[in-house]
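Colleague: I am new to this structure. Please take one part and go through it closely with me.

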Amino acid sequence: MRIGILGGGAVGLLIAGYLGQSFDVTLIVRRESQARSLKHNGVTILKNGSTINTRVTAVDQIEAVQEFDLGIVAVKGYDLFSLEETLVKFSAERPLMFIQNGIGHIEWVKSLPHQHLIAGSVEHGAMKENDDTVHHLGEAGINIALIRGDWGVMQEVVSQSVHSFPFSIQPDFEKMLLTKLFVNVCINPLTALTGVTNGKLVENSFFQHLQRDVFKELMLLFPQMDEVISFNKVIDICRNTYLNKSSMLKDIESGRETEIESILGVLLDKAEEEHHFVPNMNVLYRLVKGIEREGLGG
């Protein structure tokens, strides 16, 4: 099976490194220099003192003649819209899987001409070291759910996924993505602002109190999630990823654009439309946007 993965960040490299053990994987990246590095070195995964190296194909732009049986879109949410011309080169009959944080991208994804669309939620911890090397910091899984269409060849990926990199099929993509969103909103902005690892949030009573307040605001927006996720789930994830730095904190530290719009911005729009009072989320959003602007040069 031929799998095309768009995006050479931490998650794209991690997925390519594991799936490339069983399938013919091509990484589609922005820079020619990264494509050269991947062609020469493959993908290296560093985990618990061990090294996994996987040979992959890499291109710096998708060629019209290429055909993939499955496409996995692993770029940040804010980069999706610039990929539309590239994505339409994937056959409309082949499944596409999207693994962005948040929910702001879903309506755009539904507008694509592809018949089979899959949403993914990555729970692994990953940190990119360089163009071809990624640290696998926490073993977890990837939850997947159909947006529309059929699973197709994705069923083969699920059946052949290794113990350390499993895929788990979920019945409802909206509840799956909202569960991840609750976790992201309660962790990422706070770590980005305080500079602490995930676990420190639950060790500090002031941080944890703010997390709880944010969680309550989320329930105002999505009351249907009351029986799906509890605040204890957030606490457990913080403890299980104690030493992990959130992706938003790493973006802030590197002076990169964050995913605050797709994680919090869309929720503030929803709150305004539905006349909900969410002061904590408003403050977190403005603080992250302000720090982000400073890091991006004002």
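At what angle do helix α6 and helix α12 pack, and how far apart are their axes?

Modeller: Keep in mind that this is a predicted model. Start with the two helices. Helix α6 covers residues 173–194, and helix α12 covers residues 279–295. They pack at an angle of about 45°. Their axes lie 10 Å apart. The crossing of α6 and α12 is left-handed.

Now look at the residues that make this contact. From α6 come Val185, Pro189, Leu190 and Leu193. From α12 come Met281, Leu284, Leu287, Val288 and Ile291. Sorted by class, the contact of α6 with α12 has 9 nonpolar residues. It has no polar and no charged residues.

Next, the aromatic rings. The structure holds 7 aromatic pairs. One of them joins Phe81 and Trp108. The ring centres of Phe81 and Trp108 are 5.4 Å apart, with 85° between the planes. That pair is edge-to-face, because its angle is over 60 degrees. Phe81 has 47% relative accessibility, so it counts as partly exposed. Trp108 is buried, with a relative accessible area of 13%.

A second example is the pair of Phe215 and Phe231. This pair is also edge-to-face, at 5.6 Å centre to centre and 70° between the planes. Phe215 is in helix α8 (residues 205–221), and Phe231 is in helix α9 (residues 231–240). They are 16 residues apart, and the pair links distant parts of the chain. Phe215 has 8% relative accessibility, so it counts as buried. Phe231, at 6%, counts as buried too. Ring pairs also link Phe215 and Phe231 with Phe182 and Phe222 into a cluster.

One last stop is Thr241. Find it in the loop between α9 and α10 (247–254). Thr241 is buried, because its relative accessible area is 18% and the limit is under 20%. Leaving aside residues up to four places away in sequence, Thr241 touches Asn198 and Gly199.

Notes
Residues are numbered from 1 along each chain as its sequence is written. This is a predicted model: local features need pLDDT of at least 70, side-chain atom pairs count only at pLDDT 80 or more; totals for chains, interfaces and linings use all residues. Side-chain values use heavy atoms; hydrogens and water are left out. Axes are lines fitted to C-alpha atoms, for helices over the stretch in contact, and angles run from 0 to 180 degrees between N-to-C directions. Helices (H or I, at least four residues) and strands (E, at least two) are DSSP runs, numbered from the N terminus. A crossing is left-handed if the near helix is turned anticlockwise from the far one by less than a right angle, and right-handed if clockwise. Contact means heavy atoms within 4.5 Å. Ala, Val, Leu, Ile, Met, Phe, Trp, Tyr, Cys and Pro count as nonpolar, Asp, Glu, Lys and Arg as charged, and the others, Gly among them, as polar. Rings of Phe, Tyr and Trp (its six-membered ring) pair if their centres lie within 6.5 Å; planes under 30 degrees apart count as stacked, over 60 as edge-to-face and the rest as tilted. Buried means under 20% relative accessible area, exposed over 50%, partly exposed in between (1.4 Å probe, protein chains only).
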